[in-house]
Amino acid sequence: MSDKRRIVIRRRPPEAPPEPQQEAEAADAVEVERPAQESKEPPPPQTADTYEEATKSFNTVQERIREIRELDRSIQRVFKKWDEVDLRSVKKKLNQLSDERNTVLVEAQSCENLLNEALGVLETRMSELEEQLFDRLVEVEYLRERGSSLSEAEGSRLRALETEVEEYRNRIAEIKRKISDLQLKLDNVRSLPRTISKLTTSMEEAEPLYRELVAKYRDEARVASAVEKIMQDEGVSRPYAIIHLWKAALKPRVSGQP
């Protein structure tokens, strides 16, 4: 009797379909891997940031001008009070003021660039707001013309539009105010190459001395001529020429006393 062997074929059970939770996780994974699409709309202009930055730069320049003016006044006070301080020593110190003025002019150029940038941003934003305001005004006019035939929804829309119109007008008025402010600052900065010497020169110390000299000699033309000659010969500004003349003609010879 021959041996018979049974051949057993084992079949693999079919894979179970994925659970809903697994499908969701897989979808999430695919979604994460999918690159995010960039927004095609340009970001709104940062009007507040550019305005504040430009204003801060302008204020810094103005503060530097005030500091130089105060230093100039301190030099004049020392020159007036002390016999040991002569015009030659003062002129060396004035070179420092000249360097300070040149530094301010460099800073003013950067400030001018910021002011121009801020102006451009504000003007662009105002143009956008004016266009949006115009659209709403047209819609308001259209709804008002319909009068009593408006539905409840249209009446509600009209009231909302009227509120928006007022808000747009306020925003435009505020931007116009800022533009006007920046224009004044820009004019100030652009004029600095012509005005910085005057802005940084103190007259509080010298003018009373000039009046003393005029009262003493009773001839303002003569005093003015003498001051002008010192300015030309020594290359100094009017206050220092006045103090120099006053010290030579009238100052009490007591060091450190006014």
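Where is the place of glycine 120 in this chain? Glycine 120 belongs to helix 3. This is a predicted model, so bear in mind that everything below is computed from it. At 29% relative accessibility, glycine 120 counts as partly exposed, because that value falls between the 20% and 50% cut-offs.

**The overall picture**

Let's zoom out. The protein chain has eight helices and zero strands, and reading along the sequence gives α-α-α-α-α-α-α-α. Of its 258 residues, 30% are buried. If you take the contacts with a separation of 6 or more, 79% of them are between residues 24 or more positions apart.

**The core**

Now for the inside. The largest nonpolar core has 52 residues, and those with the most contacts inside it are Leu94, Leu115, Leu182, Val223, Val227 and Tyr240. At least two residues of this core come from each of helix 2 (47-81), helix 3 (87-146), helix 4 (152-190), helix 5 (192-199), helix 6 (206-217), helix 7 (220-234) and helix 8 (238-249). Which helix gives the most to this core? That's helix 3, with 16 residues.

Leaving aside neighbours within four places in sequence, tyrosine 240 is in contact with Asp72, Ile75, Gln76, Phe79, Leu87, Val90, Leu94 and Leu97. Leu94 is also listed with tyrosine 240 among the core residues with the most contacts.

**How the helices meet**

| Helix pair | Axes | Angle |
|---|---|---|
| Helix 3 and helix 5 | within 11 Å | roughly 140° |
| Helix 4 and helix 5 | within 6 Å | roughly 80° |
| Helix 6 and helix 8 | 9 Å apart | about 45° |

Start with helix 3 and helix 5, which cross at roughly 140° and are therefore oblique to each other. The crossing is right-handed. Helix 3 brings Arg101, Val104, Leu105 and Ala108 to the contact, while helix 5 brings Leu192, Pro193, Ile196 and Ser197. By class, that makes six nonpolar residues, one polar and one charged.

Helix 5 also meets helix 4, and at roughly 80° this pair is therefore roughly perpendicular. On the helix 4 side you'll find Asn188, Val189 and Arg190, and on the helix 5 side Leu192, Pro193 and Arg194. This contact has three nonpolar residues, one polar and two charged.

What about helix 6 and helix 8? Their angle of about 45° makes them oblique to each other, and this crossing is left-handed. Helix 6 puts in Ala206, Glu207, Leu209, Tyr210, Glu212, Leu213 and Tyr217, which meet Arg238, Pro239, Ile242, Ile243, Leu245, Trp246 and Ala249 of helix 8. The residues here divide into 11 nonpolar, no polar and three charged.

One last stop is the loop between helix 6 and helix 7, where arginine 218 is found. Most residues other than glycine have a negative phi. Arginine 218 isn't a glycine, yet its phi is positive, at about 55°. Is arginine 218 buried or exposed? Arginine 218 counts as exposed, because its relative accessibility is 76% and the cut-off is over 50%.

How values were computed
Residues are numbered from 1 along each chain as its sequence is written. This is a predicted model: local features need pLDDT of at least 70, side-chain atom pairs count only at pLDDT 80 or more; totals for chains, interfaces and linings use all residues. Side-chain values use heavy atoms; hydrogens and water are left out. A nonpolar core is a set of buried Ala, Val, Leu, Ile, Met, Phe, Trp, Tyr and Cys residues joined through side-chain atoms within 4.5 Å. Buried means under 20% relative accessible area, exposed over 50%, partly exposed in between (1.4 Å probe, protein chains only). Helices (H or I, at least four residues) and strands (E, at least two) are DSSP runs, numbered from the N terminus. Contact means heavy atoms within 4.5 Å. Axes are lines fitted to C-alpha atoms, for helices over the stretch in contact, and angles run from 0 to 180 degrees between N-to-C directions. Angles under 35 degrees count as roughly parallel, over 145 as roughly antiparallel, 65 to 115 as roughly perpendicular and the rest as oblique. A crossing is left-handed if the near helix is turned anticlockwise from the far one by less than a right angle, and right-handed if clockwise. Ala, Val, Leu, Ile, Met, Phe, Trp, Tyr, Cys and Pro count as nonpolar, Asp, Glu, Lys and Arg as charged, and the others, Gly among them, as polar.
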